[in-house]
Amino acid sequence: MTYEAHADAKFVEDCVRALAEGTVDEFGHLPDDAVIHMKQSNDESIHQHNAHAEREVTLERLRTELGVESTAD
């Protein structure tokens, strides 16, 4: 598991972007005004600091950014 994780290492910002894409795919049935809050924290073992990224956005905005049409009724 550790080897696989290191083979595809990502920054926290990349993780939040991937989460945004997955959210639109998984929860596309939700209305445009649904608010999505995404957060990722990495506890660093080799650096003197931890890394954090988060974003709060409406599903409509995510769809627009990703070029995805709404599937909500």
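Me: How much accessible surface does the protein chain have, and what share belongs to carbon and sulfur atoms?
Reply: This is a predicted model, and in it the accessible surface of the chain comes to about 5900 Å². Carbon and sulfur atoms hold 49% of that.

Me: OK, and what secondary structure is in there?
Reply: You'll find three helices and two strands. Going along the sequence, the pattern reads α-α-β-β-α.

Me: Is the chain spread out or compact?
Reply: It is more spread out than a compact globule, because its radius of gyration is 15 Å, well over the 11 Å that the globule rule gives for 73 residues. The C-alpha trace spans about 45 × 25 × 15 Å along its principal axes.

Me: What percentage of the residues is buried, then?
Reply: Buried residues account for 21% of the 73.

Me: Which residues make up the largest nonpolar core?
Reply: That core has 12 residues, among them Val 12, Val 16, Ile 36, Met 38 and Leu 62. Helix 2 (12–26), strand 1 (35–42), strand 2 (51–58) and helix 3 (59–66) each give two or more residues to it.

Me: Which element gives the largest share?
Reply: Helix 2, with four residues.

Me: Let's zoom in on Val 12. What is it in contact with, leaving aside its neighbours within four places in sequence?
Reply: Val 12 touches Gln 40, Asn 42, Ala 51, His 52 and Ala 53.

Terms used: Residues numbered from 1 in each chain as written. Predicted model: local features only at pLDDT ≥ 70, side-chain atom pairs only at ≥ 80, totals over all residues. Heavy atoms only, no water. Core = buried A, V, L, I, M, F, W, Y, C linked by side-chain atoms within 4.5 Å. Buried < 20%, exposed > 50% of the residue type's maximum accessible area, 1.4 Å probe, protein only. Contact = heavy atoms within 4.5 Å. Rg over C-alpha atoms; globule rule 2.2 N^0.38 Å. Areas by Shrake-Rupley, 256 points an atom, 1.4 Å probe, with all protein chains shown as cover.
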